There are 2 protein chains.
Amino acid sequence: MARGRQRGEADTASEILDVAERLVQVRGFNGFSYGDVASELEITTAALHYHFAGKAELGEALIERYGARFADALGEIDQHDADPAQKLEAYADLYLDVLRDHRMCLCGMLAADYDTLPKPMRNAVVRFFDDNEAWVGGVLEHGRAEGTLQFTGSASDAAQMIVSGLEGAMLVARPYGDTDRFQAAASRLLAGLTHTPRRRRRKPASLA
Amino acid sequence: MARGRQRGEADTASEILDVAERLVQVRGFNGFSYGDVASELEITTAALHYHFAGKAELGEALIERYGARFADALGEIDQHDADPAQKLEAYADLYLDVLRDHRMCLCGMLAADYDTLPKPMRNAVVRFFDDNEAWVGGVLEHGRAEGTLQFTGSASDAAQMIVSGLEGAMLVARPYGDTDRFQAAASRLLAGLTHTPRRRRRKPASLA
DNA sequence: GTCTATAGGCAGATAGAC
DNA sequence: GTCTATCTGCCTATAGAC
């Protein structure tokens, strides 16, 4: 049969990616070593080099897989949710799931490490944010056209704030070990778009 | 006289902190070494160990000084700006100044590295966020009482979103090398508090 | 205060056996 | 595919001279 390995459930390359991914998300790209991955999988670093030429290539593979998985998740949201506001909530929940695992967003973490990354990894990180902002921007445009979402300026600007706001909420929530903290910030970020706050002693909109 | 040194304008300890601070803000706590600091100052790592027992102690000193400087800046804002909305803008400008220097917020960066930090550094990072959120929360409460700021929920919750939102905006803007990107996100974060958006075909507030 | 010298460890990486 | 063995280099840290 097609799987004659003696260790692990999945193929070694996937297991390496799994472990390395978690290590990057928890410790940062400069906070783990080939040795860490190898010892966790009970193999040697030489075996790692067989599957990934070096740490840079491993990093590239990490972002590629993470981005693809995220893209899949966005596709699923598109399928299951029609309402833009619900889509945004589902989007924020993707981040929440990562945080619940005591992890930072892979690319948020790599954004912190950005200046130390090899060029191909840098490009892949930026691509991740571009893709996410494009998707969120599309949802926002749709919602505005529909009348269910309200915001000023361009959809891509607003999308950029949503994405970076969620990244920041994760970043700061992790030291507190507090997912509620993230959820409060995430709701608040989206609340500004999904419903207009009741006004407080303000001139009527006629002035606008 | 009180300064008989042969190198540098300031005392060595301060110069070490200056260099180390920039390195942490640009490369992260695990992205620089004692050797990097030493070679930049054209001294040896042994000299560094004279001033700071180890990297952990250097890190603690870094956060302490950064926090104190930030607290000073907040005090200055309190002196010069009376209007809560202006205070918030001035607050965001503190972050902008850091970003213009191609740096991440020190504690934002350390939040990413959090899981790899020694305990005393962790505590100091959380304290930094607590202090910032407390100050922003105070501004928000004042603004709401005054009627110049509008937001739902607790001031501390809203403050938490502002702080983490600004951190995230920095985090994501840095890979793009784009301060405009930060400014757009920062304005949008604050816009939700400083003026209520004009409503779009919505049921009147009577339903709420 | 800063140096030289050095320790001991771990980093990423490679050659070659099996 | 995975191993052993090994390399080179850098890491943090310390001892002791000046």
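**Entry 1: a bridge between the chains**

I started with one pair of side chains: Arg174(A) and Asp115(B) meet in a salt bridge, with 3.7 Å from N to O. I noted that this is a predicted model. I then looked up how many salt bridges cross the interface of chain B and chain A, and the rule finds four. I also counted polar contacts between chain B and chain A, and got ten residue pairs, with both residues at pLDDT 80 or more.

**Entry 2: who does the touching**

Next I asked myself which elements of chain B give two or more residues to the side that touches chain A. My list reads helix 1 (12-27), helix 6 (106-112), helix 7 (119-146), helix 8 (155-176) and helix 9 (179-194) of chain B. Helix 8 of chain B gives the most, with 14 residues. I sorted that side of chain B by class and found 21 nonpolar, 16 polar and 16 charged residues.

**Entry 3: the extent of the interface**

I looked up the contacts, and 53 residues of chain B touch 55 residues of chain A. Together the two chains bury about 4900 Å². Of that area, 58% is on carbon and sulfur atoms.

**Entry 4: how the copies are related**

I superposed chain B on chain A, which took a rotation of 180° with 0.0 Å of shift along its axis, and the RMSD came out at 0.0 Å. The two copies are therefore related as by a two-fold rotation axis. Which C-alpha of chain B is nearest the axis? I found that it belongs to Gly168(B), 1.7 Å from the axis. A friendly reminder to myself: the same surface serves both copies, as 100% of the contact residues of chain B recur in chain A.

**Entry 5: a bridge within one chain**

I went on to count salt bridges over all chains, and the rule gives 20. One that I opened up joins Glu40(A) to Arg22(A), with the closest N and O atoms 2.1 Å apart. Glu40(A) sits in helix 2 (residues 34-41) of chain A and Arg22(A) in helix 1 (residues 12-27) of chain A, so this pair ties together parts that are 18 residues apart in sequence.

**Entry 6: confidence**

Last, I checked the pLDDT of chain A, which averages 92, with 89% of the residues scoring at least 70.

Methods:
Residues are numbered from 1 along each chain as its sequence is written. Chains are lettered from A and ligands numbered from 1 in the order in which they are written. Side-chain values use heavy atoms; hydrogens and water are left out. Contact means heavy atoms within 4.5 Å. Buried area is the accessible area (1.4 Å probe) that two parts lose on being put together, summed over both. A polar contact is a pair of N or O atoms within 3.5 Å; within protein, one must be able to donate a hydrogen and the other to accept it, and residues adjacent in sequence count only if both atoms are side-chain atoms. Helices (H or I, at least four residues) and strands (E, at least two) are DSSP runs, numbered from the N terminus. Ala, Val, Leu, Ile, Met, Phe, Trp, Tyr, Cys and Pro count as nonpolar, Asp, Glu, Lys and Arg as charged, and the others, Gly among them, as polar. pLDDT is the predictor's confidence in each residue, from 0 to 100. Copies are superposed by least squares on the C-alpha atoms of residues with pLDDT of at least 70 in both.
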